[in-house]
Amino acid sequence: MYVSRLSRRLQSRAFSTSASRLALSAPALPKAEQISAEWKGTSATGGTTKNFIGGEWVESKTSEWIDVVDPSTQTLLTRVPQTTGDEFAQAADAAAQAFKTWRQTSVLTRQRVVLNLQQLIRENADAIANSIVLEQGKTIADAHGDLLRGLQVVETSIGITTTLMGDKMEVSKDMDTVVRKAPLGVCASIAPFNFPAMIPLWTIPMAAVTGNTLILKPSERDPGAAMMIAELCQRAGLPSGVLNVVHGGVNTVNAICDHPEIKAISFVGGDRAGKHIYERGTQNGKRVQAGAKNHAVIMPDANKNLALNSIIGAAFGAAGQRCMALSVAILIGEAQSWLPELIERAQKLKVNGGFENGADLGPLISPAAKQRVVGLISSAEEEGGKILLDGRSLSVPTYPDGNFVGPTIIEASTSMKCYKEEIFGPALVVIRASSLDDAIDIINENKYGNGTAIFTQSGATARKFESTVNVGQIGINVPIPVPLPMFSWSGNKVTD
């Protein structure tokens, strides 16, 4: 369970007060110093991350701190507080008080704040992306992509005013029924580590423009981007208390689930953590939105170059640390002969620090994440699978302390642990199948149903796949079928 794992991790680190003072790389150091100098709520040179409560940057009084280190060098960047119970209560009260006036603010005024936020995000995109590279380890290109997908939600929320219109009908003589869409109140958002800008931006602008207030808990592993976005919200004219940011692990998550002022929770992360939050939150009368194993089927008639390049990008981009990463490729019939070329293309990917020119993927978020990924890869070998491309022992000379795992390709069966569990790293499991029907059975029998894709030039094959596979999001010659913000987002089975 995610929440239990988080709790154990905090206990084992004992909220240590220091980390090995190693050196940031030459490209990273000036960016870290600039972040510390120019932004109020975060640090990238060893200082503390602040709570943001009632429009103020508040130094926590906690005795429990979480070290955030650069995944490429293990250099201490910032120390994140386990927000205390009193501090959380202050944040909830600030959000509740702000709601009284924010809900009465005209939708045009709320819309104007989000318009301002959009412009400020564009102007400060480099700074936010730099924070993501430093704390999360993404390449600079992936970091900008993270922010761009969040910015698309900001832009969509600006036009949400038409969906806020109510309905009216004359249901009888001298009697009308009127439906008004009203804000819920104080909402909360719990964000994961793998998209530190995009996920907060899924909720901040939507909550603001619809007249709600929000308590955001970014990941304690990389909160910098969220803190910078919070500061931009303040500059954009968002009133004090409409957005509050708190930090920490399981205690903060449970406080969000339990606090009576919070009416709704949005969570993105692992399915077991989602189940915990859903059950605890709904037991306390809250609305809860909880957001994998993704398969690609490669048919013999597929465009070979398109299919192979798509699989490489979707499997290994962002070091595989995304819930929509393509983690299983099912090769049908003659497409199995493409496997050597798939390996050859994966070997050409460059693994390096996120600021380095030409880097295709960076390090994993933490040593623990690397240990878990390496363990799952090794389990395939123990269970009779074939490791066709092995990234476990990859070393990057300029970053000897980095959490690097190279692109890995495993030929396995559906009974193996590496197939059953979400690896969340740069590892692709390959399965051979003789027909489309066999591939569909494999996908439908898997407990995850987040996303899937098929590569084919046959319209009939694509239609059959689309209509029979039990997965929420389906790509036809598109490897990661994540919709734009104006479309609904849904997974099936345990990823509902």
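User: Leu108, is that buried or exposed?
Analyst: Leu108 counts as exposed in this predicted model. Its relative accessibility is 53%, and the cut-off for exposed is over 50%.

User: Which helix is Leu108 in?
Analyst: Leu108 belongs to helix α4, which covers residues 107-123.

User: How far apart are Leu108 and Val209 in space?
Analyst: Their C-alpha atoms are 8.6 Å apart, while the two residues are 101 residues apart in sequence.

User: Next one, Ala346. Where is that?
Analyst: Ala346 lies in helix α12, residues 339-347.

User: Buried or exposed?
Analyst: Ala346 counts as buried, because its relative accessibility is 1%.

User: What is Ala346 in contact with, leaving aside its neighbours within four places in sequence?
Analyst: The contacts of Ala346 are then Ile312, Phe316, Leu389, Pro407 and Ile409.

User: And Glu411, how far is that from Ala346?
Analyst: The C-alpha atoms of Ala346 and Glu411 are separated by 14 Å. Along the chain the two are 65 residues apart.

User: Let's do a whole helix. Which residues of α16 are buried?
Analyst: In α16, residues 459-468, the buried residues are Thr461, Ala462 and Phe465. Looking down the helix axis, the buried residues fall within an arc of 100 degrees, so they line one face of α16.

User: What is on the other side of α16?
Analyst: Gly459, Ala460, Arg463 and Ser467 are there, and they are exposed.

User: Remind me what a disulfide is?
Analyst: A disulfide is a covalent bond that joins the sulfur atoms of two cysteines.

User: How accessible are Cys187 and Cys323?
Analyst: Cys187 counts as buried, at 11% relative accessibility. Cys323, at 25%, counts as partly exposed.

User: Now rings. How many aromatic pairs are there?
Analyst: The count comes to three aromatic pairs. One of them is Tyr399 with Phe404. Their ring centres are 6.3 Å apart and the planes are at 55 degrees, so this pair is tilted.

User: Which ring does the charged end of Lys138 sit over?
Analyst: The ring of Phe195, at 3.8 Å from its centre. In another case, the charged end of Arg235 sits over the ring of Trp39, 4.7 Å from the centre of that ring.

User: Where is the pLDDT below 50?
Analyst: Over residues 1-21. Beyond near neighbours in sequence, that stretch has 41 contacts in the model.

Definitions and conventions. Residues numbered from 1 in each chain as written. Predicted model: local features only at pLDDT ≥ 70, side-chain atom pairs only at ≥ 80, totals over all residues. Heavy atoms only, no water. Buried < 20%, exposed > 50% of the residue type's maximum accessible area, 1.4 Å probe, protein only. Helix = DSSP H or I, 4+ residues; strand = E, 2+ residues; numbered from the N terminus. Arc of directions from axis to C-beta. Phe/Tyr/Trp six-rings, centres within 6.5 Å; stacked < 30°, edge-to-face > 60°. Lys NZ or Arg CZ within 6 Å of the ring centre and 35° of its normal. pLDDT = per-residue confidence, 0-100. Contact = heavy atoms within 4.5 Å.
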